[in-house]
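Visitor: Could you walk me through this structure? I would like to begin with its overall layout and then turn to the charged pairs.

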Amino acid sequence: MTDDHDAQRAADILLCAQCFQDRGLRYMARWFETEERPCPNCGAVSKHCLTRHDLLWLSETFFKKGSTVVTDYGGAPTIVFNETQQGSLNPDPPLAADVDLLQSVLHIGFFHYGPRLWMIGNISPLEDLQDAARRPAVIERILEAYPTVSLTDAEFYRVRKAPKNPAEPSEYDAPPQQHWGKGRLDTSDLPVLYGSQDAEICVHECRFMAGDELYIATLRPTRPLTLIDLSAVLQEECTEFESLDLGVLMLFLAQSHAYPISREIARAVQARGFDGMIYPSYFSVLHSGGNPFDTVYGLSTRRFGQSPDLEKSKIIGNLAIFGRPVAEGSVAVVSVNRLIIDQVKYKMIFGPVTY
Ligand SMILES: [Zn+2]
């Protein structure tokens, strides 16, 4: 950067990491590295000095992202801030002093946020899916609205922990009958082979850990497989409260309480003649970094973020193929490898406890 830029940055410095009493805020403030200089607020000589821009990022991350509560469907921050509201939080010390400091140097107010209700799942197609009587009509809409894709020569992965015969292709088919009906899409009469084109997603989705004895099979279709793509972004002319796109996304990002609904969708997709489906992956959202609820439920991302071409060329996060396709001959095992989790890296942020 230029000298001008450095000079400008120095003039914009408001606080340093040592100014914060809350250790989580201080920890994240240390991510900003500068050359050593005296802090205009506390006078300490610090190489972790923060500008207004840096402090706004810190406020957004610690207070907004760090207070996000995940609900049954969706989620929303508990704290937000802006330049027009008076601060009205009431945290315990030592955070109270930090809140006062940030509010006074940034001229902002932190306050408790009542989320727009669609953010926590009040979306009519999603509510209808939770009602057994109204569910079939929404599933019919899903079958009509989402695109069909053909999987031809694309390879994908399936990971298994400690299979009996690791080199045996049948180990990488859908699981044997006693395990049917436990996953997001399979039922006691519909086995499913779950896979992904992203090996890391396979590991995350199955909650495997370092030290597990893992094997990864590379699979490919032996004939074109017809799939419905529920991870596609729908172009819609409606509010968030009526959005099928957001409702389906929240359904697939939800925990196991949503499985009875997603299983019924899978059964309908199979009855319609599809070989399988592509569906949104929580971990593929997490993969891109940041807060899934922010980046995904923010309509700008959903509605204007991606071009259709980009959509087509994306890596398939979650892939489900109905039946036992390896035994049936529609999917072949190309190769099997051991899989060792060599390094695990988390990016953590801190948030407030009392507010
Ligand atoms: Zn300071």
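**Domains and salt bridges**

Guide: The C-alpha centres of domain 1 and domain 2 lie 38 Å apart. Domain 1 covers residues 3-115 and domain 2 covers 120-339, with bounds from an automatic or database domain assignment. This is a predicted model, in which local features need pLDDT of at least 70 and side-chain atom pairs count only at pLDDT 80 or more, while totals for chains, interfaces and linings use all residues. Residues are numbered from 1 along each chain as its sequence is written, and side-chain values use heavy atoms, with hydrogens and water left out.

Visitor: How many residues of each domain are in contact with the other?

Guide: Contact, meaning heavy atoms within 4.5 Å, involves 12 residues of domain 1 and 15 residues of domain 2.

Visitor: And what area do the two domains bury between them?

Guide: They bury about 1,000 Å², of which 64% is on carbon and sulfur atoms. Buried area is the accessible area (1.4 Å probe) that two parts lose on being put together, summed over both. On the domain 1 side, Lys 65, Tyr 73 and Gly 74 supply 57% of the area buried against domain 2, more than any other three residues.

Visitor: Which elements of domain 1 give two or more residues to that side?

Guide: Helix H3 (52-64) and strand S6 (75-76) do. Helices (H or I, at least four residues) and strands (E, at least two) are DSSP runs, numbered from the N terminus.

Visitor: How many salt bridges cross the interface?

Guide: The rule finds zero salt bridges between domain 1 and domain 2. A salt bridge here is a side-chain nitrogen of Lys or Arg within 4 Å of a carboxyl oxygen of Asp or Glu.

Visitor: What is the salt bridge count by this rule overall?

Guide: The count comes to 13 salt bridges. In one of them, Arg 135 pairs with Glu 264, and the closest N and O atoms are 2.7 Å apart. Arg 135 lies in helix H6 (residues 135-145) and Glu 264 in helix H9 (residues 259-271), so the pair ties together parts that are 129 residues apart in sequence.

Visitor: Is Arg 135 buried or exposed?

Guide: Arg 135 counts as buried, at 10% relative accessibility. Glu 264 is partly exposed, with a relative accessible area of 26%. Buried means under 20% relative accessible area, exposed over 50%, and partly exposed in between (1.4 Å probe, protein chains only).

Visitor: Which residue forms a salt bridge with Glu 144?

Guide: Arg 272 does, with the closest N and O atoms 3.5 Å apart. Arg 272 sits in the loop between H9 and strand S14 (276-279), while Glu 144 is in helix H6, 128 residues apart. Glu 144 counts as exposed at 56% relative accessibility, and Arg 272 is partly exposed at 40%.

Visitor: What about Asp 212 and its partner?

Guide: Asp 212 forms a salt bridge with Lys 161, the closest N and O atoms being 3.6 Å apart. Asp 212 lies in the loop between helix H7 (199-205) and strand S12 (214-221) and Lys 161 in strand S10 (residues 156-161), so this pair joins parts 51 residues apart in sequence. Asp 212 counts as buried at 18% relative accessibility, whereas Lys 161 is partly exposed at 44%.
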